[in-house]
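Here is a short briefing to read alongside the model. Take a look at the fold, then follow the points below.

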Amino acid sequence: MASKAFLSFTYLTFIFLVSVLSHPTSAHRHLKDEKLSGFGFLKHLQGCHKGDKIKGIHDLKNYLHNFGYLSNKNQSHSTSDDFDDLLESAVKTYQLNYHLNITGYLDSETVSKMTTPRCGVADIINGETRMESGKKNRHHNSTSFHTVSHFSFFPGNPKWPASKYSLTYAFLPGTPNQAMNPVSKAFQTWAGNTHFRFSRVQNNADIKIGFASRNHGDGSAFDGRGGVIAHAFAPRDGRFHYDGDERWAVGATQGAMDLETVALHEIGHLLGLGHSSVEGAIMAPTISSGVTKGLHRDDIQGIRVLYNI
């Protein structure tokens with residue numbers, strides 16, 4: 001009798017283990033998702049500073065290189081796990097751009113900002129110091145000067161020529177229907193604050209919008225949920241891609257990114273705006289889930305300066 005009970009117990013234990021291994025618990029799935037999600041790899045580096053040599057620091061270097069804080073000429077430097085002078089300088093520049101305490105090490109506020117979902121376009125180029133034009137601009141129709149602007153442009157200030165102020169856009173095959181109206185509304189918002197006019201067409205559009213995942217052939221691969229959420233290219237390229245691995249929604253929805261808010265940001269790039277150091281601006285590089293935003297006076301000022309309108 002005892003033998004039968006033991007065999008029964010052994011069999012049930014075996015079935016339980018097979019079930020657990022075949023169907024990971026929510027905790028296991030959470031850990032796996034955490035490991036694979038966007039910028040989560042930076043969290044274990046919190047507190048590291050110059051002089052440290054910690055496995056994974058090369059990932060921090062790659063992050064800062066991707067977003068412009070380390071120069072292309074220093075790309076080979078990104079393979080080591082040494083927290084050196086060059087990395088400390090890059091961290092300080094990042095902290096300066098995001099209005100953080102300039103400590104040069106990965107304090108909790110810096111890690112929190114770095115792990116926030118963001119646009120894939122670089123903030124600056126080859127380690128330049130600020131996400132702003134750095135120039136004082138004249139008031140529109142005035143000879144007086146105002147404060148230093150916080151918007152920025154792409155290198156060389158590319159923009160659409162005078163003959164292309166009426167732009168067409170189209171959605172690539174596979175674009176979810178729920179995304180189309182928010183994107184169209186974002187174009188209308190920009191039209192209401194600029195001299196541009198936008199119209200939707202089926203083919204041969206100036207601007208093409210679609211969803212893609214991971215490596216999708218444009219040289220700017222996505223990284224799964226929670227990291228880079230979208231990107232667009234400077235004039236007159238016209239490509240705008242959402243990361244299809246993200247959770248998308250219409251409006252403020254917990255745990256999801258707002259389609260219209262992200263479209264407003266990426267259209268800014270399509271028109272020639274770079275990133276802004278103003279946190280409230282639509283052209284700020286990061287955006288949290290469950291948040292909606294509109295155009296800020298810094299965004300409007302930037303586009304008007306770029307096109308002299």
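Which residues in H6 are buried? They are Ala179, Met180, Pro182, Val183, Ser184, Ala186, Phe187, Trp190 and Ala191, where buried means under 20% relative accessible area, exposed over 50% and partly exposed in between (1.4 Å probe, protein chains only). This is a predicted model, in which local features need pLDDT of at least 70 and side-chain atom pairs count only at pLDDT 80 or more, while totals for chains, interfaces and linings use all residues. Residues are numbered from 1 along each chain as its sequence is written, and side-chain values use heavy atoms, leaving out hydrogens and water.

**Helix H6**
- Helix H6 covers residues 177-191; helices (H or I, at least four residues) and strands (E, at least two) are DSSP runs, numbered from the N terminus.
- Its 15 residues reach 22 Å from first C-alpha to last, close to the 21 Å expected at 1.5 Å a residue (the expected span is 1.5 Å times one less than the number of residues).
- The cover over the buried residues of H6 includes S4, S5, S6, S8, helix H7 (259-271) and helix H8 (297-307).

**The sheet**
- An open sheet of 6 strands runs in the order S1-S7-S8-S6-S4-S5, with mixed pairing; two strands pair if DSSP finds at least two bridges between them.
- At the edges are strand S1 (118-119) and strand S5 (197-200), each pairing on one side only.
- Strand S4 (residues 166-171) and strand S6 (residues 207-212) run parallel and are joined by 3 bridges.
- Phenylalanine 171 has isoleucine 209 in S6 as its bridge partner.

**Histidine 241**
- Histidine 241 sits in strand S8 (residues 239-243) and counts as buried because its relative accessible area is 9%.
- Its side chain makes a polar contact with that of histidine 216 at 3.4 Å (a pair of N or O atoms within 3.5 Å; within protein, one must be able to donate a hydrogen and the other to accept it, and residues adjacent in sequence count only if both atoms are side-chain atoms).
- Beyond neighbours within four places in sequence, histidine 241 is in contact (heavy atoms within 4.5 Å) with Gly210, His216, Asp218, Phe222, Ala230 and His231.

**Loop residues**
- Aspartate 223 lies in the loop between S6 and strand S7 (228-232), and a polar atom of its side chain is 3.1 Å from the backbone nitrogen of valine 228.
- Arginine 236, in the loop between S7 and S8, is exposed because its relative accessible area is 55%.
- Not counting residues up to four places away in sequence, arginine 236 touches Lys159, Trp160 and Pro161.
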